[in-house]
Amino acid sequence: MDIAAANSIAMGLAVGLGVMGPGIGIGLIVGRALEAIGRNPEASGSVIANMFIGIAFTEALAIFALVVGFIIKFT
Amino acid sequence: MEGGISIHLAPLTLAHLGNWPVTNTLVTTVTVSVLLIAFAYFAGKSLKVKPGKGQVILEELVSYPYAFVRDTLGNDKVAERTFPIIMTIFLFVLATNWFGLLPFTEGVGFNQPGLHEVTPLFYSPATDLNFTLALAAIAFFTIEIFGIATLGALGYGKKFLSFKSPIAFLIGVIEFVSEIARLISFSFRLFGNVFAGKVLILVILYFVPYLLPVPFSGFELFVGFIQAAIFALLTLFFTKIAISSHDEGHDDHSIEGSAHDMAERIEGGSEEGLHHAVEDENALLDGGTLNPRITNNVVSA
């Protein structure tokens with residue numbers, strides 16, 4: 001296997017596996033946030049704001065995986 | 001990758017000033033700064049006591065975030081001083097992100113000897129790690145300085161170094177590490193989001209050049225806004241954490257706090273204070289942003 005092919009496979013694995021966890025996490029966050037809004041619709045403003053903060057933290061992990069993937073592939 | 005997609009992690013260099021490379025992201029950053037400063041200058045010069053339409057919109061754009069910052073921090077003095085930098089971060093990141101989506105940013109460029117592709121004159125600055133790292137450093141020092149200014153050097157240092165018990169010591173170490181990790185997560189979040197967006201649009205342009213890039217460009221507009229908001233909001237929340245000491249406990253005293261503030265302002269008797277107090281009261285009455293927390297407290301009490 002030449003090095004370019006190995007790089008491509010490594011990037012695919014790194015990004016693919018790294019995105020799985022944050023995907024589940026964002027699903028949980030949004031699910032719980034919607035549940036909370038359903039229970040207490042008047043609090044939707046602050047729930048949505050906090051939801052986006054949580055999403056940003058979780059999504060950062062997926063982005064790290066993506067950056068690592070780019071670094072593997074292009075450097 | 002001959003004839004395919006070309007992706008660079010590092011920004012392309014346009015020219016050299018002595019030993020100092022001038023990259024296209026740097027050119028864009030300077031351009032956006034100049035545009036923002038010019039906008040602020042002309043908007044500030046034409047302010048009137050009786051506002052016109054444009055001024056009403058501008059005032060709303062400033063006063064709504066300010067009320068949010070004041071509500072979140074619960075400390076008027078810090079809010080007054082930290083609001084300009086938080087709003088600047090927001091506007092600057094937003095402006096650079098959206099400037100990077102304008103059609104000419106990647107189209108206009110010139111050929112360089114030795115490179116078989118066009119070097120664009122403008123390019124979205126957040127695709128350059130130097131830019132995001134600089135912003136993260138600014139946010140980091142802002143947070144630390146406000147923490148020290150509010151709690152005092154000793155009070156702030158106690159968060160990280162405490163010999164009360166082994167667990168307190170360990171918590172201090174963890175706090176310290178998470179403080180440093182903030183630099184990394186701040187910079188890489190913005191960098192990764194914008195860079196991934198650029199690559200996404202590039203890949204889609206390569207495979208389906210017509211129509212399909214449009215919704216994704218719209219999505220990039222949304223991402224640019226969200227990332228700017230997240231950057232500013234996280235700076236705000238970390239400032240909030242930095243200025244609150246461990247000893248006070250974390251009970252939610254927002255209502256007592258705001259009622260106390262109101263009383264103080266009314267007692268203070270200044271016209272501005274009264275104006276603020278009346279505003280707060282209105283917000284309480286008409287079920288604005290303050291209402292949800294009240295319901296929450298009533299429910300939990």
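**Entry 1: the model.** I am working from a predicted model. I kept that in mind throughout.

**Entry 2: chain A.** I began with secondary structure. Chain A has 2 helices and 0 strands. Next I looked up its dimensions. Along the principal axes, its C-alpha atoms fill a box of roughly 60 × 15 × 10 Å. I then checked the radius of gyration. Chain A comes out at 17 Å, whereas a compact globule of 75 residues would be near 11 Å. Burial came next. Of the 75 residues in chain A, 19% are buried. I also looked at contacts within the chain. Taking those between residues at least 6 apart in sequence, 79% join residues at least 24 apart.

**Entry 3: where A meets B.** I counted residues on both sides. The contact involves 15 residues of chain A and 15 residues of chain B. I sorted the chain A side by class: 10 residues are nonpolar, 4 are polar and 1 is charged.

**Entry 4: helix 3 of chain B.** This helix covers residues 76–99. I tested its length. With 24 residues at 1.5 Å a residue, it should span 34 Å, and its end C-alpha atoms are 34 Å apart, so the two agree. I also looked for a bend. Helix 3 of chain B bends by about 40° at Thr82(B). A proline, Pro84(B), follows within four residues.

Thr82(B) is also among the buried residues of this helix. Others in that list include Val78(B), Ala79(B), Ile86(B) and Ile89(B). Further along, Phe90(B), Phe92(B), Val93(B) and Phe99(B) are buried too. I asked what covers them. The cover includes helix 1 (24–45), helix 2 (53–73) and helix 4 (104–107) of chain B. It also includes helix 5 (129–157), helix 6 (166–207) and helix 7 (213–243) of chain B.

**Entry 5: Glu117(B).** I found this residue in the loop between strand 3 (109–111) and strand 4 (118–120) of chain B. Is Glu117(B) buried or exposed? It has 11 other C-beta atoms within 10 Å, so it is exposed; the cut-off for exposed is 12 or fewer. I took one distance from here. Glu117(B) and Pro215(B) are 98 residues apart in sequence, and their C-alpha atoms are 27 Å apart.

**Entry 6: Tyr206(B).** This one sits in helix 6 of chain B. Tyr206(B) and Ile143(B) are 63 residues apart along the chain, with 42 Å between their C-alpha atoms.

Note on methods: Residues are numbered from 1 along each chain as its sequence is written. Chains are lettered from A and ligands numbered from 1 in the order in which they are written. This is a predicted model: local features need pLDDT of at least 70, side-chain atom pairs count only at pLDDT 80 or more; totals for chains, interfaces and linings use all residues. The expected span of a helix is 1.5 Å times one less than its number of residues. The bend at a residue is the angle between axes fitted to the seven residues ending there and the seven starting there. A residue is buried if 20 or more other C-beta atoms lie within 10 Å of its own, exposed if 12 or fewer, and partly exposed in between; C-beta atoms are placed from the backbone. Two residues are in contact if their C-beta atoms, placed from the backbone, lie within 7 Å. Ala, Val, Leu, Ile, Met, Phe, Trp, Tyr, Cys and Pro count as nonpolar, Asp, Glu, Lys and Arg as charged, and the others, Gly among them, as polar. The radius of gyration is taken over C-alpha atoms; the globule rule is 2.2 Å times the number of residues to the power 0.38.
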